[in-house]
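User: Could you walk me through reading a helical protein model? I would like the general idea behind each feature and then the case here.

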Amino acid sequence: MPAFGSAYASASVVGIPFLFAFLGHNEIMIASGLSLIAGLGDLMPPPLLLCVLGGQVVGEKSSFGILKEALIPILAAETCGILLIAYSRELGAFLGAG
């Protein structure tokens with residue numbers, strides 16, 4: 001999903017078909033995982049919106065410097081989103097959501 005650019009584009013183009021593909025699972029957990037992954041699209045090179053804004057705030061000239069420093073949190077968020085999708089049934093049952 002991050003390859004589609006911003007979260008708005010990826011959510012409308014890819015998010016709904018992904019949600020329908022996992023209809024047998026807990027849809028709330030699937031939507032949460034997809035939202036977490038879709039938000040990472042703003043950190044990818046085509047829009048890079050959050051890195052440009054953050055660079056202006058701290059005075060960084062290159063937005064790729066910020067992206068390099070944020071690589072570990074980006075990978076952690078992507079891993080959490082994938083795990084939310086993969087274990088949506090178990091998490092839903094654990095949290096009492098059916």
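User: Which residues of α5 are buried?

Analyst: Buried means under 20% relative accessible area, exposed over 50%, and partly exposed in between (1.4 Å probe, protein chains only). In α5 the buried residues are I74, A77, G81 and I85. They lie on the same side of α5, because they cover an arc of only 75 degrees around the axis; the arc is taken from the directions from the helix axis to the C-beta atoms. Before we go on, note that this is a predicted model, where local features need pLDDT of at least 70, side-chain atom pairs count only at pLDDT 80 or more, and totals for chains, interfaces and linings use all residues. Residues are numbered from 1 along each chain as its sequence is written, and side-chain values use heavy atoms, with hydrogens and water left out.

User: What do the buried residues of α5 pack against?

Analyst: Here the idea is contact, meaning heavy atoms within 4.5 Å. The buried residues of α5 pack against α2 (27-39), α4 (63-69) and α6 (88-94).

User: Which residues does A77 touch?

Analyst: Leaving out residues up to four places away in sequence, A77 touches L36 and L40. A77 counts as buried because its relative accessible area is 18%.

User: How many residues does α5 have, and what span is expected?

Analyst: The expected span of a helix is 1.5 Å times one less than its number of residues. Helix α5 (residues 71-86) has 16 residues and reaches 22 Å from its first C-alpha to its last, close to the 22 Å expected.

User: How many helices and strands does the protein chain have?

Analyst: Helices (H or I, at least four residues) and strands (E, at least two) are DSSP runs, numbered from the N terminus. This chain has six helices and zero strands. Of its 98 residues, 30% are buried.

User: Which residues make the nonpolar surface patch?

Analyst: A patch is built from residues with over 30% relative accessible area and no salt bridge: like charges are joined within 9 Å, nonpolar side chains (Val, Leu, Ile, Met, Phe, Trp, Tyr) within 5 Å. A salt bridge is a side-chain nitrogen of Lys or Arg within 4 Å of a carboxyl oxygen of Asp or Glu. Here I16, F20 and L23 make a nonpolar patch of about 320 Å², with areas from the Shrake-Rupley method and a 1.4 Å probe; for residues, only the protein chains shown count as cover. F20 sits in helix α1 (residues 7-21) and counts as exposed because its relative accessibility is 55%.
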